[in-house]
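The sequence and structure are shown first.

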Amino acid sequence: MKIAVLPGDGIGPEIVAEAVKVLNALGLNFEMETAPVGGAAYEASGHPLPPATLKLAMESDAVLFGAVGDWKYDTLDRPLRPEQAILGLRKNMGLFANFRPAICYKELVDASSLKPELISGLDILIIRELTGDIYFGQPRGRRTADDGHFPGSEEAFDTMRYSKPEIERIAHVAFQAAQKRSKRVTSVDKANVLETFQFWKDVVSEVSAQYPDVALDHMYVDNAAMQLVKEPKRFDVVVTGNMFGDILSDEASMLTGSIGMLPSASLNSKGQGLYEPSHGSAPDIAGKGIANPLATILSAAMMLRFSLNQEAAAQKIEAAVQKVLADGLRTADIYSVGTTKVSTREMGDAVVAALAAV
Ligand code: NAD
C-alpha cells in the first residue's frame, strides 16, 4: 500500500503530520513517501507540480494531500500558481469524482450557525464532477500565459463545457452511492439559463432510467444554495458540476460547524484516489498550531476505505474521532464554553490515544 504524502502550504504540513501520525498508529504496512507541492514546490523548483511529485502521485495507490495556496502567489502567472497543482493532479490522475460528505456530529450541533433542529442528524453526500466544466474550459485573460492572444485585454472569459460521457460517469457514481444510502439523488444545474446544464439535466435523467430504485429530482443551483441553509436535511446525495459543486460543498461544510471537520475523496475509475480536507491552506492561522486536523484525519479514513480496502481501519479512525469529540476536546474553530481547547498536535495525539480505546 503506497501512499504519496503531499503536505503543501499554509496549515497543510501541520494537519498532514497529524494524519500521518494516526495512520502510523494503526500498525498496518504502509509505504509513505513525501513530496513538495503548491507554493512550497514553486519555491523549491519553480513549479507548483514538479514532474517528480506528479510521478510519485501517479505511481501510488493513494495521495494524502494537505492544501495549497497563499495570497503572496496571487500575482504569478496562472500556470505557476499553487492551485494549479491540484488541478494538474486531478487532470493527470483522471480524478473525476469528488465525494464530500457533510455530517453533523451530535457533539458539534452547537458549533453550527444554524438552529440545532435544522442540522442535528444531518448527513449529506455532495458528489462534485471534478475534471470538466468551466474550470477546464478555454480561459482567456491578462494572466493566461499559455494563450498569448489577449495581452493587455480589456475583457476575459472562460468557457463552460461538458461531454456526454463525462456527465454519464458522474451520474452513475451518484446513483450507485445513493443505492447504499437513502436512494435519493438531487441533481443541481442551471438549465434555465445555461445550455451546458440543460444537457447535464437531460443526460442525468437518461442515466436515471437504469436506476429505478433511486428517486431523482432536479434543482437549480440558486435554489439549492437557499435550500441548503433553509432545510438541509431534505438532501441526501447531491450531484453537480465542478463549479457549482465547489461552492455548494463549502456551503454544506459550514452547516456542520467548521470547515475544519470535513474530509473529501477524489477518485478515478481505477480506484486510485486523492484525499484532502475540504478546506484550503488557511494562511491566516498557519504556523500557530491551532488548525483543526480532523478533516485531514477523516480524509485518511476515506483513503483506507476507498483506495486501500481497509474498511475496519477506516471505521476505527472514525470511531476515535467521535470519541475525542465526546470527550470534549476541541480545536479553536469548534470550541465552545464547557469544552477543552486543544492544539493541532494535541488533537492528533488524542485521536491516536483513542484508537486504542475503540
Ligand atoms: P481556507 O479554507 O483556507 O480558509 C477559510 C477560513 O477557514 C479561514 O478563516 C481559515 O482560518 C479557516 N480554516 C480553514 N481550515 C481550517 C482548519 N483546518 N482549522 C481551523 N480553521 C480553518 O480558504 P481561503 O482563505 O479562501 O483560501 C486560502 C488559500 O487556500 C488560498 O490560496 C486558496 O486558493 C487556497 N485553497 C486551496 C485549496 C486546496 O488546496 N484544495 C482549497 C481551497 C482554497
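## Ligand shell

A residue is near a molecule if one of its heavy atoms lies within 4 Å of it. In this predicted model, 21 residues are around the ligand, and those that come nearest are Val 68, Glu 83, Gly 280, Ala 282 and Asp 284. By class, this shell holds ten nonpolar, six polar and five charged residues.

Glu 83 places a polar side-chain atom 2.4 Å from an oxygen atom of the ligand. For Asp 284, a polar side-chain atom lies 2.9 Å from a ligand oxygen atom. Val 68 takes part through its backbone, with an N or O atom 2.9 Å from an oxygen atom of the ligand. The ligand taken alone exposes 820 Å², of which the protein buries 72%.

## Second largest pocket

The volume of the second largest pocket is about 680 Å³. Its lining comprises 24 residues, and Phe 99, Leu 125, Met 302, Arg 305 and Phe 306 are the closest to its centre. Two or more lining residues come from each of strand S4 (97-103), strand S5 (123-129), helix H6 (164-179), strand S9 (263-267) and helix H10 (294-306). Divided by class, the lining has 16 nonpolar, five charged and three polar residues.

## Enclosed cavity

The count of cavities of 30 Å³ or more comes to one. The volume of the largest cavity is about 30 Å³. Its lining is formed by Arg 100, Pro 101, Ala 102, Ile 126, Ser 249, Ala 252, Ser 253, Leu 262 and Ser 278.

Strand S4 (97-103) and helix H9 (242-255) each supply at least two residues of this lining. In terms of class, five residues lining the largest cavity are nonpolar, three are polar and one is charged.

Notes
Residues numbered from 1 in each chain as written. Predicted model: local features only at pLDDT ≥ 70, side-chain atom pairs only at ≥ 80, totals over all residues. Heavy atoms only, no water. 1 Å grid on protein atoms, 1.4 Å probe; cavity = no way out; pocket = protein on both sides within 12 Å on 5 of 7 lines; lining within 4 Å. Points joined across faces, edges and corners; volume = space filled by probe spheres on them. Helix = DSSP H or I, 4+ residues; strand = E, 2+ residues; numbered from the N terminus. Nonpolar A, V, L, I, M, F, W, Y, C, P; charged D, E, K, R; others polar. Polar contact = N/O pair within 3.5 Å; in protein donor to acceptor, adjacent residues only side chain to side chain. Areas by Shrake-Rupley, 256 points an atom, 1.4 Å probe, with all protein chains shown as cover.
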